[in-house]
Amino acid sequence: MFFVTPFLIYMGIVFFIPVGLILFTGFVSEETGQFTFEYFQAFFTQGLYLRVLWTTIEVSFMGALIVLLCGYPIAYYLAKQPPKRRMYLSLFVLLPFYTSILVKSFAFVVILGHSGAVNWLLRFFLGEDFGVQLLYNRIGVMFGIVHDMLPFIVFPILVNLLAQNPALHRAAEIMGASRTRIFWQVTFPLSLPGIFAGILLVVVRVMGQFVTPSLLGGRTDIMMANLVDFHVNDVLDWNMAAVISILLAVMAGVFLVALARLRGAQIFGAET
Amino acid sequence: MIRPNTADTTTPMVWLQGVTKHYGTVVALDEIDLEVRRSEFLTLLGPSGSGKTTILNLISGMVGPTAGRIWIDGKDITEMPPNKRGLGMVFQNYALMPHMTVFENIAFPLRVRKLKSGVIKTKVAEVLDLVRLPEVARRKPSELSGGQQQRIAIARCLVYNPSIILMDEPLGALDKKLREEMQLELKRLHASLDITAIYVTHDQEEALTMSDRIVLLNDGQIEQMGTPDDLYFHPRSLFSAEFLGDSNILSGNIEEAGPTVTISTAVGQCRCSRACGFAESGTPVKIMVRPENVFILPPGTSDEHLNKVPARMVDTITFGGVIKSYLQLADGSSMVVQELTRAGQSVPEAGSEVYVAWSSEDTIILPVEGRIEIPAPPS
Amino acid sequence: MIERKPRSSATRQKPSWRTTRRDFLGGATTLGVGIAAGLPVVFTPGKARASAVIRYADDGGRTGQGRDRLYIKPFMSATGIEVKTYIGQKNLAKMKAMVKANNLEFDMVNDGGSNLVSASKAGLLEKLDKSRLDLTHKLFPEWDWEDTLAWEYFSGGLGYNEEAIDDPPRTWADFWDVDKYPGRRGMRTRPQYTLEEALMADGVAPKDVYPMDLERAFKSMDRIKPHIKIWIEQTAKTIEHLQTQELDYTSTFSGRIFIARSEGLPLNFVFDMPNSSPQNVGIMKGAQNYDSCLKLVQWFFNGEPGVEWFTAFIGYGPTDSETMAQLSDEVKAKLPDPANPKANWVDVGWWGDNLEDVVKQYKTWLLT
C-alpha cells in the first residue's frame with residue numbers, strides 16, 4: 001500500500017479531483033447551488049442535443065462496422081504471412097499513429113477533394129459531371145475514423161487469429177471442408193473475442209472524437225465532444241458542457257458493460 | 001492377440017512411390033517406397049524427427065512431396081487438395097471445435113457432404129454408440145475428459161466412413177491406464193469396421209500391441225518393415241533391435257560361418273544357430289540377445305547348446321510382473337536378465353560371481369553399421 | 001484578427017460572473033481553479049515580475065509574425081521594455097477565466113474589435129487613460145471606447161480563385177443567387193460578419209444593418225444554407241480551400257488574400273462589398289505594468305512602424321490619419337472607401353452587447 005500512495009496522490013490531482021469537479025458542475029445548479037437535474041433535463045428536452053447524441057451513436061457504430069469490414073481482411077492477410085514479413089507489414093498498419101490529424105487532413109484533400117485523385121479518376125472515366133463530394137460530410141468523417149482506428153481493430157483480431165489452433169483448420173480441411181466453410185464455421189466464430197475487443201476499443205474512442213468531425217465533417221456531423229468544446233469556449237455554459245461530458249462517459253461505460261455481457265454469454269473458451 | 005490374415009495381393013490402399021521430402025536443407029524423407037494394404041492396421045514407428053508424421057502429412061495432403069508420387073486406392077492423388085481426398089484423421093490434441101457441441105463436431109463432416117438433417121441425427125447417434133458415449137451429444141468438448149474427447153475425435157472420423165483413417169499419436173496425451181484401454185478400443189473398432197488405419201507413434205509397446213504391420217523409420221528412411229513378430233524376433237539392424245524391446249548387445253568377430261555360427265567375443269565364445277547370411281569369417285559383428293531369453297545358470301549345469309558367460313551381479317529390481325537382474329561382464333559391458341516374478345524366488349547377492357546363459361537359438365547377429373538388406377520373408 | 005486555434009482549454013472550475021456565489025462553493029472554486037490554473041502546459045507566473053515586462057497576446061501565423069518583427073521588436077529596442085509574446089487561446093472564455101482567477105497569462109491583447117468590446121463590456125479590461133494617449137488624428141472618431149482602442153481595420157468579403165472563376169458575384173445578393181453564380185460556396189461558422197452578409201443579401205443597405213434584425217438575418221441564412229459546400233471554422237482554411245479549389249468563392253478577409261497573393265497564389269478579393277471592422281488592443285484588468293502597456297498601445301496606434309506595416313500587409317488600414325496620409329496610392333487603393341455606400345462598417349458595439357447570445361443562436365442554427 002505504501003508504494004501506491006504517490007501514484008494515488010498523482011491520480012487524485014490529475015484525475016479524481018477534476019472529474020469530481022466536472023460531476024459537481026453537472027449536477028449543481030449555478031444559481032441556487034443546490035443539487036439539480038435541470039441541466040440534464042435541458043439536454044434531453046432540446047432537439048439540438050438529442051440530434052448530436054444520435055449523431056455520436058450513429059458515427060460510432062457505423063464507423064466501427066466499416067473499420068471491422070476493412071480491418072478483418074487485413075488481419076487475416078497478416079496472419080498468413082511469415083513472421084518477419086508480418087512485422088514489416090504491421091509497421092504500415094501502424095502508420096496512423098505516426099501522423100498527426102492536421103497533416104492527414106491535407107493528405108485527404110489531395111486524395112478525396114474536389115480536385116483530388118479520386119474525383120479526377122471518376123471524371124476521367126465517367127465524364128465531367130460525376131464528381132463526388134467525399135470531404136466535409138459524413139463520408140469524410142468515415143474516412144478519417146477508419147484511417148485512425150484501423151490499428152485498433154487489426155491487432156486484436158490478428159492476435160486472436162495467430163493464437164488459433166492450426167490443427168482445427170487442418171482437421172476441418174481433411175474432413176472435406178472448403179476454404180469458405182472453414183472460415184465461416186471455424187476461423188470466424190473463434191475470432192469473435194478478438195472482434196469484440198477491437199470493436200470495444202474503436203467505439204469508445206470514436207465516441208469521444210472531435211478533431212476528425214471538425215476537420216473532415218460537415219455542419220451536421222457535429223459530435224458530443226464538439227458540443228463540449230462549443231459550450232466551454234463559445235457559449236461559456238460550463239454546466240451544459242459538464243452534462244455532455246458526463247453523458248459521454250456514461251455512454252462509453254454502458255457500451256462496455258453491454259459488450260462484456262454479450263461476450264460472457266458465449267462460451268468460446270481458449271482453443272485446446 | 002490374434003491378428004487377422006491381411007495377406008492381400010490386390011491394389012494397395014496407399015502407395016508412396018519414391019517419395020522424398022525436403023524442408024530447406026533438411027531431408028525429412030529419403031526416397032520412401034511404402035505400400036499400405038487394404039484394411040490393415042499399419043503403424044509408423046520411430047523416434048522424433050524420423051519422418052513418420054511427415055508421411056502422414058503427405059498422405060493427408062497437408063504438405064506436398066519434393067519428389068515422388070502418392071497413390072490412394074489406385075489413383076494418383078499427389079496434386080489433389082486435402083479436402084478432396086476423403087480421409088479421416090485423428091490428432092494428438094483431438095482438434096475438436098471448442099465452440100461447437102459434441103453433436104455439431106461430429107455432424108461437421110456430414111454437413112460438408114450435405115446430408116439431410118434426419119440422416120445426420122441418425123448417423124451421429126450411431127457413431128456415438130460405437131464409441132460408447134451416447135449421452136454427451138449436447139455437451140461442449142471442454143466439458144469432457146481427455147479420453148472422452150479422443151473418443152469423440154474418433155467418432156467424428158468414423159461417421160462419414162472414410163476408407164482410410166490417419167492417426168497422429170492419438171493416445172499421447174492420455175495416462176497409461178487410459179492409453180491401454182483406448183488401444184484395445186481402437187483395435188476393436190478396427191476389427192469391426194473395414195477400415196485401413198495408419199497409426200503414428202513413438203511408443204514401441206503400442207506398436208507391438210496394435211499393429212498388423214510396423215514400419216520402423218529412422219532419419220527419413222525405412223529401417224525395417226514387417227509384422228511385430230518380424231521386427232521383434234528378426235531385427236535386421238542394431239537400431240531395430242534396440243528400438244523394439246530391450247536388448248543386450250555384445251561385440252565380436254565371426255570365427256566360423258556356417259549353419260551354426262561361432263563368434264568370438266571379449267567375454268568368450270558364442271554360438272548362433274541361425275545362418276548368418278551377410279557376413280563371413282573374420283567380419284566384426286554385434287550379437288544381440290533379449291533379456292527374457294537370458295537366465296542365470298544354476299551352479300553345476302552345463303549344456304552345449306547354451307552360450308555361457310561369466311558375470312558379476314550388480315543389482316536386482318522387481319518391476320511388478322518381471323524381475324530384472326543387472327550384471328557386469330568381464331570386459332565391463334552390462335547384461336540384463338529378465339525373469340517372470342515367482343514367489344519364493346532366490347536371487348544371487350550383489351557382487352557374487354555367476355554364469356549367465358542363453359540358447360544359441362536366441363542369439364541374433366547384427367551388422368555393426370547399417371541394416372541387413374534381405375527382402376523380408378512374406379508373412 | 002479573430003483567430004480560433006484547435007487547442008483545448010485546461011480544466012477550469014466554472015466562474016460565476018452573473019450571480020453571487022455561496023462561500024462553500026467559493027472554497028471549492030478556488031481550490032479547483034488553483035489546481036487547474038497551476039497546471040497549464042505553458043507555465044507562466046501569475047503576475048509579471050518586474051514592471052518592465054509586458055506579456056502580449058497575439059495570433060501566430062504571418063500577421064502575428066509580421067507584428068512581432070515590425071512592431072514588437074522595434075518597440076523593445078526603442079523603449080527598453082521587454083515584451084513577451086503569448087500565442088494561444090485568447091478568446092472571451094480565456095479572458096474571463098484569467099481575470100476571475102486573478103491569474104493573468106497575458107497583460108495586453110491584440111484582437112478583433114467585436115471580441116474586445118465584448119470583453120470591455122464584461123469588465124475584463126482596464127480603462128485606458130486617454131489623457132496619456134495622443135489620439136488627435138483619429139480617422140474613425142465613432143470608434144471610441146473606454147477600455148479598448150482600435151489601431152487598425154481590416155475588411156472581410158468575398159475571396160475567390162482567379163484561375164477557377166473569372167466572374168465572381170459582386171454583391172451579397174449575387175452571392176445568394178445560386179442559379180446565376182453556380183460556384184461552390186463557403187461560409188464561416190461564426191455569426192460575426194456572416195449575419196451582416198445575410199442581411200445585405202436580403203436587400204438591407206449597409207447603413208441600416210445595425211441594430212441587426214436577427215429574424216430576418218436567419219431567414220436569409222436559411223435560404224443559402226443548403227448551398228454551402230463547406231462551413232469553415234478557421235480563417236486560414238478559407239485560403240486553403242480556395243487554393244486547393246475545393247471552393248470557388250468564400251467569405252474571407254482581404255488581408256489574407258493579399259498575403260496569399262504575395263506568395264504566388266492566384267487568389268483575389270471582391271472589393272465591391274467589403275465588411276470592415278476594427279482591430280483593437282486592450283489591457284487586461286489587473287495587469288501590473290499598466291504604464292508600459294499604455295506605451296505599447298500608443299505605439300500600435302501611430303507608432304513609426306505603421307507605414308511599413310500597412311505597406312507590407314495590404315488590406316489592413318490604419319486608424320491614424322497621419323499614418324494613412326503617408327501610405328502610397330497603390331496601398332490605399334486596396335483599402336475600402338468609406339464613401340462607398342455598399343461598404344459595411346461593422347458595429348462592434350452592437351456585437352459587444354450581443355455576442356454571446358448570437359453566437360449560441362448561430363451555432364444552434366448551424367447544427368439543425
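**A walk from one valine to three chains**

Start with C:Val117, which sits in helix H4 of chain C, residues 113-121. Keep in mind that this is a predicted model.

Is C:Val117 buried or exposed? A residue counts as buried if 20 or more other C-beta atoms lie within 10 Å of its own. C:Val117 has 27 other C-beta atoms within 10 Å, so C:Val117 is buried.

Which residues does C:Val117 touch, leaving out those up to four places away in sequence? There are two tryptophans, C:Trp145 and C:Trp351. There are two glycines, C:Gly349 and C:Gly352. C:Thr148 and C:Val348 complete the list.

Now pick another valine, C:Val307. In sequence, C:Val117 and C:Val307 are 190 residues apart. In space, their C-alpha atoms are 26 Å apart.

Step back to the whole of chain C. It has 368 residues, and 46% of them count as buried. Its secondary structure comes to 14 helices and eleven strands. Next, take the contacts in chain C between residues at least 6 apart in sequence. Of these, 76% join residues at least 24 apart.

**Who touches whom**

Two pairs of chains touch, and the pair with the most contacts is A and C. What about chains B and C? No contact joins chain B and chain C. Their closest C-alpha atoms lie 47 Å apart.

Look at A and C. The contact takes 30 residues from chain A and 30 residues from chain C. On the chain A side, several helices give two or more residues. They are H1 (4-27), H3 (47-79), H11 (211-216), H12 (224-234) and H13 (238-264) of chain A. Which one gives the most? It is H1(A), with five residues. By class, this side of chain A has 15 nonpolar, ten polar and five charged residues.

Now chains A and B. Here 20 residues of chain B are in contact with 20 residues of chain A. On the chain B side, the largest share comes from helix H2 of chain B, residues 102-112. That share is three residues. The chain B side divides into 13 nonpolar, five polar and two charged residues.

**Inside chain A**

**The cores**

A word of background first. In soluble globular proteins, nonpolar side chains tend to be buried together.

How many residues does the largest nonpolar core have? It has 84. A:Met149, A:Val202 and A:Ile244 have the most contacts inside this core. Helix H8 of chain A, residues 138-163, gives the largest share, twelve residues.

Zoom in on A:Ile244. Leaving out residues up to four places away in sequence, A:Ile244 touches A:Phe43, A:Met224, A:Leu227, A:Val228 and A:His231.

**Strands in chain B**

Last stop, chain B. Strands of a sheet pair through backbone hydrogen bonds, either parallel or antiparallel.

Find the open sheet of six strands in chain B. The order is S6-S7-S8-S3-S9-S10, and the pairing is mixed. Which strands are at the edges? They are S6 (88-90) and S10 (221-226) of chain B, and each pairs on one side only. From one strand to the next, the twist averages 15°.

Follow S9 of chain B, residues 213-218. S9 and S10(B) pair in the antiparallel sense, over five bridges. One pair to find on screen: B:Leu216 has B:Gln224 in S10(B) as its bridge partner.

Finally, look at strands S1 (14-23) and S2 (26-36) of chain B. They run antiparallel, joined by seven bridges. B:Lys21 is bridged to B:Leu29 in S2(B). S1(B) and S2(B) form a hairpin, with two residues between them. In the turn, B:Gly24 has a positive phi of about 65°.

That's my tour. Thank you.

Key:
Residues numbered from 1 in each chain as written. Chains lettered and ligands numbered in written order. Predicted model: local features only at pLDDT ≥ 70, side-chain atom pairs only at ≥ 80, totals over all residues. Pairing = 2+ DSSP bridges. Helix = DSSP H or I, 4+ residues; strand = E, 2+ residues; numbered from the N terminus. Contact = placed C-beta atoms within 7 Å. Nonpolar A, V, L, I, M, F, W, Y, C, P; charged D, E, K, R; others polar. Buried ≥ 20, exposed ≤ 12 C-beta atoms within 10 Å, placed from the backbone. Core = buried A, V, L, I, M, F, W, Y, C linked by C-beta atoms within 7 Å. Axes fitted to C-alpha atoms, helices over the stretch in contact; angles between N-to-C directions.
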